[in-house]
Amino acid sequence: MGSHDGHIEYMKDPWKGLAVYWASCKPFYKPSLKEMGFFEKPLKEFLEYTPNPKVLLFGATPEFRDLLGKYRLDVTMVDINPEAVKEMDSLATVKNPNEKLAVKNWLELDFPDENFDIICADSTQDNLPFETHADFFRNIYRMLKEDGLFFFASVYKNPSLSITPRQIVERYKENPAYYEDFQNRIHDLFVLGTSQFFDKEKHYFKFSDVNKAMHAEIRAQGLPPEAETLLTFDAREEGYIQVHSTLADFEEQMSGLFEELDSYVDNSHHALSNMKIAKLLRKI
Ligand SMILES: C[S@@+](CC[C@H](N)C(=O)[O-])C[C@H]1O[C@@H](n2cnc3c(N)ncnc32)[C@H](O)[C@@H]1O
């Protein structure tokens, strides 16, 4: 039994029965099509000299499965929860005959050294305890071939942003429709979580702490019931723990392992431009 099993065991559950909800979610909960476009360009160039690459995909991100499936690539999805993957199957629009699932814990991946040409990960490490992230990236380095590519994307903690429950309620009272936009809502709730409820030692915030504070403010200000759903995280994800790294954390955890060939920020919404990044990396 590893010391993190409690956290890992816990993180398995939130994903059961989520496909319907996941379909209604927008980036940064899932990669944006522009981010996929950013990865497709180097992928096509890579295929010119490595036509049948072996690809490792963390989780079952439908957007990545569609991109990799488009080229019928040999894809190994790795996920601890086959049910969650089955859920996500319904959201992948491209059926890839060369796709297979390895049911494994991301912290215990024992694929051989230099086994994959391409490794893809979208908001993966934020499901893992912060203190395991450096090992997580070191293991990706070990599994990636010398001239391989690492497609990394993640939401990140932006220390320059701050908001309070009262400010969110004031913004709602000014324009109740503002928070009907999913991305406006997750942006401000994530900023509330990181600026007011962040556990500096464990580098995470709990959705439940954010919801508790918002429910209290909503009731204190006597707002209508619909505000309860518009100004809180969905009940289906209330148990979620968001481990949240800064860009500097990624730099530190990847230093000596990967060099950045390119990076991309989707500016189509401030929820992305303020706290989501995509990076094209290769081994140093
Ligand atoms: C937010 S997604 C993160 C990964 C990726 N963005 C995706 O869409 O699959 C959650 C998925 O990660 C899986 N997961 C969470 N923690 C894991 C772990 N320690 N090992 C393997 N899979 C894990 C869950 O089962 C779920 O399918």
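Asp89 is partly exposed, with a relative accessible area of 28%. Partly exposed lies between buried (under 20% relative accessible area) and exposed (over 50%), using a 1.4 Å probe and protein chains only. The model is predicted: local features need pLDDT of at least 70, side-chain atom pairs count only at pLDDT 80 or more, and totals for chains, interfaces and linings use all residues. Residues are numbered from 1 along each chain as its sequence is written, and side-chain values use heavy atoms, with hydrogens and water left out.

**The two domains**

- The domain assignment gives domain 1 (5-157 + 246-283) and domain 2 (165-243). Such bounds come from an automatic or database assignment.
- The C-alpha centres of domain 1 and domain 2 are 27 Å apart.
- In the contact between them, 28 residues come from domain 1 and 23 residues from domain 2. Contact means heavy atoms within 4.5 Å.
- Together, domain 1 and domain 2 bury about 2,200 Å², and 65% of this is on carbon and sulfur atoms. Buried area is the accessible area (1.4 Å probe) that two parts lose on being put together, summed over both.
- Tyr21, Tyr29 and Lys157 account for 26% of the area that domain 1 buries against domain 2. That is more than any other three residues supply.
- How many salt bridges cross the interface of domain 1 and domain 2? The rule finds 0. It asks for a side-chain nitrogen of Lys or Arg within 4 Å of a carboxyl oxygen of Asp or Glu.
- Polar contacts do occur: 8 residue pairs between domain 1 and domain 2 make them, both residues being at pLDDT 80 or more. A polar contact is a pair of N or O atoms within 3.5 Å; within protein, one must be able to donate a hydrogen and the other to accept it, and residues adjacent in sequence count only if both atoms are side-chain atoms.
- On the side of domain 1 that touches domain 2, α1 (5-12), α2 (19-24) and α12 (270-273) each provide at least two residues. Helices (H or I, at least four residues) and strands (E, at least two) are DSSP runs, numbered from the N terminus.
- By class, this side of domain 1 has 17 nonpolar, 7 polar and 4 charged residues. Ala, Val, Leu, Ile, Met, Phe, Trp, Tyr, Cys and Pro count as nonpolar, Asp, Glu, Lys and Arg as charged, and the others, Gly among them, as polar.

**Salt bridges**

- The whole structure holds 21 salt bridges.
- One of them pairs Asp89 with Arg65, and their closest N and O atoms are 2.7 Å apart. Asp89 sits in helix α5 (residues 82-89) and Arg65 in helix α4 (residues 62-70), so the pair ties together parts 24 residues apart in sequence.
- Is Arg65 buried or exposed? Arg65 is buried, at 4% relative accessibility.
- Arg65 also forms a salt bridge with Glu99, with the closest N and O atoms 2.9 Å apart. This pair links distant parts of the chain: helix α4 holds Arg65, strand β3 (residues 99-103) holds Glu99, and they are 34 residues apart. Glu99 is partly exposed, at 22% relative accessibility.
- Glu114 forms a salt bridge with Lys283, where the closest N and O atoms are 3.8 Å apart. Glu114 is in the loop between β3 and β4 (116-122) and Lys283 is in strand β9 (residues 276-283), so the pair joins parts that are 169 residues apart in sequence.
- Glu114 is partly exposed, with a relative accessible area of 38%. Lys283 is buried, with a relative accessible area of 6%.

- Ser32 is in the loop between α2 and α3 (33-49). Ser32 is buried, with a relative accessible area of 4%.
- Which residues does Ser32 touch, not counting residues up to four places away in sequence? They are Pro27, Asp266 and Leu272.
- Lys200 is in the loop between α8 (182-196) and β6 (204-206). Lys200 is exposed, with a relative accessible area of 70%.
- The C-alpha atoms of Lys200 and Pro53 are separated by 40 Å, and the two residues are 147 apart along the chain.

**Positive phi angles**

- Glu114 is not a glycine, although its phi is positive, at about 50°.
- Ser123 is not a glycine either, and has a positive phi of about 45°. Ser123 is in the loop between β4 and α6 (133-143), and is buried at 14% relative accessibility.
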